[in-house]
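Q: Please take a close look at a single part of this model and describe its surroundings.

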Amino acid sequence: MSTVPASTRASAPEPTSTPAPKRRFGPRTLFARVFWLMVLGIAIAQAMAYVAIRQERSMALRALMMSGVERDIATGVAVLDRLPAAERGAWLDRLERPNYRFALADEIDPQAGPVERTDFNGPFVDALTQAMQPFRIERVVQLGARRYQLLVRLNDGSAVTVHARRVDMPVPEWVMWVLGAQLIVLAVCSWMVVRLVTRPLKTLASAADDLGPDLSPRLIPEEGPAEVAHAARAFNAMQQRIAGYTAERVEILAAISHDLQTPITRMRLRADLMNDEELRDKFRHDLNAMHLLVREGVTYARTLHGTSEVPARLDADALLASIVGDYEDAGEAVTLSGEAGAPIMAQPQALKRILVNLLDNALAFGGQAEIQVTRSAAQDPTPRLTIAVLDRGPGIPEDQLQAVFKPFHRLETSRNRDTGGTGLGLAIALQLATAMGGSLSLHHRTGGGLEARLTLPASLP
């Protein structure tokens, strides 16, 4: 099996080297990427709206402080000045406001410092000083960034301390709830929009994945928005064209291979009538090679669309033991290790044909073969059964590991079919493995030789 020139792989193109995908962070699906991008944009817009509201409140407060509060304070000082000294204390609570109050004494805080001339402080203190022109302002100090103290002398010499402060205008709590509700509503709408856009793509991808080896098209509904319906119609038409082209190719190959059997049979009969025994044997050998090639060609044509054999519950261990027993009876060195441990769903004859092909190749080029059976862990959501056929033959060059699966590709370039084969064995094996939902691949062995690895679904429906 190691050189496997007698076999080939299905009509899969020889893979080309592609750069490794770059490592990406964040969501991987288009749905998640578009959805979270829209939600992020909406959240940023909501945050900007909140900042704008706060800024507007701050500007409104500044306008309020700068437009009338200094006159209100001056009016309150004037009222205290007109009142008799004994009645002034009773009016302090009446004149108090959220952003200023009065005290009938010198209550200037010793920790207070001079007023910082900022864009707000300077104009506010200047306006307040100007509004109190009839009275003498002895000191103006600032406590922190929001509190101010003014020491004013009334006409009778009494001291009045004005405690002014900037009062914030906080954003009401209900505004935050409204913004949060808007974010939720817009996120739900975004989810619906993204789902509407990406669902047709998911349907197309699912239909493409379901296009199996039989190439029978699975038509998708041609409905929805105009663009989606157009894409669905184009996809359905493409499936039908592919199926038609492939069916025509298969029919041509099968017809040619079948029709060649008749002239081969006539030539064999005529060869039997030849007197020259040596020449007759040569003709028979060539005709047998042609007959083998035609038979393999018909088989390959029939397996291009998979196999018509109905899947059945199969005891893989019993099948493998039977195959190994047949080879041992024929005197071949074939060993078996491992076990499936449970039945699988598969086509028995197709599976047997794959294994026989792999074992024949291993024996032809390695002299002996070994079968290793492994099953994935029970907790695996998609359990798989792996059947590996190993040998110690000369192996296959690295650049030919995929090429040998092409139809009629042989590493043995001689015309001797006994060593070169037909070049269809692995092609047929791959088609059958794919039809069963599995995969077939070749790998180098440590120490020399080749491993043909057949992987099949191990779960029962």
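In which helix does V193 lie?

A: V193 lies in helix α5. This is a predicted model, in which local features need pLDDT of at least 70, side-chain atom pairs count only at pLDDT 80 or more, and totals for chains, interfaces and linings use all residues. Residues are numbered from 1 along each chain as its sequence is written, and side-chain values use heavy atoms, with hydrogens and water left out. Helices here are DSSP runs of H or I with at least four residues, and strands are runs of E with at least two, numbered from the N terminus.

V193 is partly exposed, at a relative accessible area of 43%; buried means under 20%, exposed over 50%, and partly exposed in between (1.4 Å probe, protein chains only). Together with V34, M38, L196 and V197, V193 makes a nonpolar surface patch of about 390 Å². Such patches are made of residues with over 30% relative accessible area and no salt bridge, nonpolar side chains (Val, Leu, Ile, Met, Phe, Trp, Tyr) being joined within 5 Å and like charges within 9 Å. A salt bridge is a side-chain nitrogen of Lys or Arg within 4 Å of a carboxyl oxygen of Asp or Glu. Accessible areas come from the Shrake-Rupley method with a 1.4 Å probe, and for residues only the protein chains shown count as cover.

The elements giving two or more residues to the nonpolar patch are α1 (30-67) and α5 (173-209). Of the patch residues, α5 gives the most, with three.
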